[in-house]
Amino acid sequence: PILDWRQGYVAGYSADPTGSKGATRHRLVPHTDDAEVTLNCCLGEETFEGGNVEFYGLRGTPEEGQLVGRVHRPNVGTALLHSGRHLHAVSNVSSGDRYALIVW
């Protein structure tokens with residue numbers, strides 16, 4: 001099948017989500033993406049703390065909703081590629097600002 005890229009944007013998370021720098025939230029709750037795969041590339045400053053990417057199993061499997069993996073403080077300039085069916089979240093950013101280029 002052909003991959004169908006539909007979305008591309010920069011998401012921002014902050015310990016102080018004022019919106020002035022585009023980092024408008026502390027975290028992101030578990031969700032899936034309407035895509036075959038998702039590319040998540042960490043951008044910005046190296047000074048943020050928190051903002052772990054957490055995985056909660058594939059939708060429609062016995063592991064759905066169970067924490068099955070975590071990427072602690074993603075490194076700036078690295079990317080994750082995962083199934084759009086994989087439930088995933090971003091934990092609270094405790095200091096600084098974290099940005100990610102998301103393509104799905």
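**Terms and their grounds**

User: Why is S14 called buried?

Analyst: S14 has a relative accessibility of 3%. Buried means under 20% relative accessible area, exposed over 50%, and partly exposed in between (1.4 Å probe, protein chains only). S14 therefore counts as buried. The model is a predicted one, in which local features need pLDDT of at least 70 and side-chain atom pairs count only at pLDDT 80 or more, while totals for chains, interfaces and linings use all residues. Residues are numbered from 1 along each chain as its sequence is written, and side-chain values use heavy atoms, with hydrogens and water left out.

User: Which residues does S14 touch, not counting residues up to four places away in sequence?

Analyst: S14 touches A23, R25, H26, V93, G96 and D97; contact means heavy atoms within 4.5 Å.

User: What makes A89 buried?

Analyst: The relative accessible area of A89 is 4%, so A89 is buried by the cut-off already given. Leaving aside neighbours within four places in sequence, A89 is in contact with L28, V29, P30, N52, V53, E54 and Y56. The C-alpha atoms of A89 and F55 are separated by 6.6 Å, although these residues are 34 residues apart along the chain.

User: In which strand is A89 placed, and how does strand β8 pair with strand β5?

Analyst: A89 is in strand β8; strands are DSSP runs (E, at least two residues), numbered from the N terminus. Strands β5 (residues 53–58) and β8 (residues 86–90) pair in the antiparallel sense over 4 bridges. Two strands pair if DSSP finds at least two bridges between them, so the term applies here.
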